[in-house]
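Here's a quick briefing for anyone meeting this structure for the first time. Have a look at the sequence and the model, then read on.

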Amino acid sequence: MKKKLLVAATLTACTAMAHAQSSVTVYGLIDLGLTYYSSARTTATGGNSSLLRMDSGIAQGSRIGFKGTEDLGGGLSAFFTIENGFNADDGSMGQGGLLFGRQSFVGINSKSWGSVSMGRQYDFMANLGGQYAMGALSPAGSFAWGLHADAANGAALNNHIYAGDRTNNSIKYASNKMGGFSFGAMYGFGEVAGNNTAGRTLSATGQYDTGAFSGAMSYTDIKDATGSFSTRMYGAGASYQLGAFKLFGVATQVKNTNTSAKATTYELGTVYALSAMWDLSAAYQFQKRTIAGVGNAQAVIAMADYKISKRTDLYVGAVYDRDKGYRAYPVFGGGIQSATGNQSAVRMGIRHRF
């Protein structure tokens, strides 16, 4: 009887330990606000008019996600993330209606050698945008991703030069930090029978962090559907914490290897922690294009962010873009098409995380 009780107690303890070493988290974010656009093309007449509307996902894309980890022992753990994007203003699905369009991956992590994951994941250009650009370091969000590198009609350049691309069918390695250095590599399978290069993606990064300084370089090469040419992106970014000021900068270049169309974008900015509750931020962007008939572009962005709590903030901001070469979406590529090369926007929003 004593032996049976001992076995039962041991099994109960092991079960409790297994549960304690595994976790699943439900998380999300809702971002909504009112935006005034100075210039919007009127579809009926082809003219130009101002516009006031409610926008979802400007500061950050509204989302709900699930992530979990399980301790496998020996310094190993399994992990997963599935994340759905949606538009909070009308309840519609984001990312073209995909259920988990933002992210969907599973992997293994080692305390010694880093992590390997597979699924739908961001390429490593996202590292630059997430750490060294106004769009991620402030509630500016999409208003700071506004300068479009696909500025020429039919030039297959990539808009996501800051925030990175989500890559399907990819396997990704990310190292642990070693003396401040870390690196990663990713391969996205094109999955075209008889053509291993069609649709495939290559991406890599290297980063160094020490004290108040952080810097990184990234590279991504995306083959077209036939494998004959690439959209090729390079980038470098850095930040430095100087008291209450965070100084940051990023430079990226995207090129179509078929047409040689190229766009190079530079950004400099700062975030100032005015108090525990207030952040002020500003940035300047300039994009140089080597595309026939398409001029350069520039943007100025300023934001003020008030933190009501750890999970909720109110923000107000403004952006002005001047883009004579490409009139479609100077401020924001979310359907607000300008009839001129100049456009400004003012936004008041609320962002809640859960």
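Predicted model: local features only at pLDDT ≥ 70, side-chain atom pairs only at ≥ 80, totals over all residues.

**A buried charge to start with**

Residues are numbered from 1 along each chain as its sequence is written, and side-chain values use heavy atoms, with hydrogens and water left out.

**The chain as a whole**

- The chain has three helices and 17 strands; these are DSSP runs numbered from the N terminus (helices are H or I with at least four residues, strands are E with at least two).
- Of the 354 residues in the chain, 42% are buried.
- Take the contacts (heavy atoms within 4.5 Å) between residues at least 6 apart in sequence: 53% of them join residues at least 24 apart.

**Around strand 4**

- Strand 4 (residues 76-85) is largely enclosed by the rest of the structure, because seven of its 10 residues are buried.
- Which residue of strand 5 stands opposite Glu-83? Gln-103 does.

**Salt bridges**

- A search of the whole structure turns up 11 salt bridges, each being a side-chain nitrogen of Lys or Arg within 4 Å of a carboxyl oxygen of Asp or Glu.
- Back to Glu-83: its side chain meets that of Arg-102 in a salt bridge (2.7 Å, N to O).
- Glu-83 lies in strand 4 and Arg-102 in the loop between strand 4 and strand 5, so the pair ties together parts that are 19 residues apart in sequence.
- Arg-102 is buried too, with a relative accessible area of 8%.
- Asp-305 and Arg-351 also meet in a salt bridge (3.8 Å, N to O), with Asp-305 in strand 15 and Arg-351 in strand 17.
- Asp-313 pairs up with Arg-353, the closest N and O atoms being 4.0 Å apart.
- That pair links distant parts of the chain, with Asp-313 in strand 16 and Arg-353 in strand 17, 40 residues apart.
- Asp-313 is buried at 2% relative accessible area, whereas Arg-353 is partly exposed at 29%.
- Salt bridges that share partners join Asp-305, Asp-313, Arg-351 and Arg-353 into one network.

**Nonpolar core**

- The largest nonpolar core has 21 residues, and those with the most contacts inside it include Met-134, Phe-143 and Ala-345.
- Strand 15 (297-307) is one of the strands that supply at least two residues of this core, and it gives the most, with four.
- A core, by the way, is a set of buried Ala, Val, Leu, Ile, Met, Phe, Trp, Tyr and Cys residues joined through side-chain atoms within 4.5 Å.

- Leu-52 lies in strand 2 and counts as exposed, at 59% relative accessibility.

Technical notes
Buried < 20%, exposed > 50% of the residue type's maximum accessible area, 1.4 Å probe, protein only. Pairing = 2+ DSSP bridges.
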